[in-house]
Amino acid sequence: MSLIPWLRWTEAPPRLSSRSPAEMVLETLMMELAGQMQEAERQHRERSNAVRKICTGVDYSWLARTSQPTYDLSPGERLQLEDVCAKIHPSYCGPAILRFRQLMAEQEPEVQEVSRLFRSVLQEVLEKMKQEEEAHKLTRQWSLRPRGSLALATFKTRVRISPFASDIRTISEDVERDTQPRTRTWSMPEFQALKED
């Protein structure tokens, strides 16, 4: 008996998936939707069995097992949801799933309402993506704008900063003439304009 088939070290290492991130996001979100729909169906069956058991007083579910009709999305609705899922960026896939699960736990919707709830979560995520993209675009515009201007350059040449000067001159000297001079905080530097000759 040969042990070679049992030894996996002779095989090539597993390759990474050749699917694109968008395909993986689409598949993950649609699998989450299918799983939540099955869970909603199961909860609906449990609730109806509990109500039937309370009404009749007897549980015959063990005796007769009938196939339960399952709810399925229409092809058009599935394609629309897949189209929206394809627009979701991979970094937003996890938060979208968490939000969907949170709403499912809070609302406990019927099976027919699950796809509507899923669509609303996807729309929220798309709006959030758009808002963050616009904010990123604005920050990029501000970071790429020219830093200096001609007025700022001439201002810098005329201003001298002296941290320990005792004579403070301000623009509103006429207002401050009648008031007592304040003692300056020594931790703050004094800005004084140079006198041009």
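Predicted model: local features only at pLDDT ≥ 70, side-chain atom pairs only at ≥ 80, totals over all residues.
Which residues have the most contacts inside the largest nonpolar core?

**Core.** I get 26 residues in the largest nonpolar core, and Leu29, Leu33, Phe100, Phe118 and Leu122 have the most contacts inside it. Going by elements, α1, α2, α3 and α4 each give two or more residues to this core. The largest share comes from α4, with eight residues. The general background I jotted down: nonpolar side chains tend to be buried together in soluble globular proteins.

**Leu33.** I picked Leu33 and skipped its neighbours within four places in sequence. That leaves contacts with Leu73, Leu81, Phe100, Val114, Ser115 and Phe118.

**Helix α4.** Next I looked at α4, which runs over residues 111–144, 34 residues in total. From first C-alpha to last I have 50 Å, close to the 50 Å expected at 1.5 Å a residue. Its buried residues are Val111, Val114, Ser115, Leu117, Phe118, Val121, Leu122, Val125 and Met129. What do they pack against? My note says α1 (21–56), α2 (75–86) and α3 (93–107). A reminder to myself on spacing: an α-helix has 3.6 residues a turn, so residues three or four places apart point the same way.

**His89.** Last stop was the loop between α2 and α3, where His89 is found.

Conventions. Residues numbered from 1 in each chain as written. Heavy atoms only, no water. Helix = DSSP H or I, 4+ residues; strand = E, 2+ residues; numbered from the N terminus. Expected span 1.5 Å × (residues − 1). Buried < 20%, exposed > 50% of the residue type's maximum accessible area, 1.4 Å probe, protein only. Contact = heavy atoms within 4.5 Å. Core = buried A, V, L, I, M, F, W, Y, C linked by side-chain atoms within 4.5 Å.
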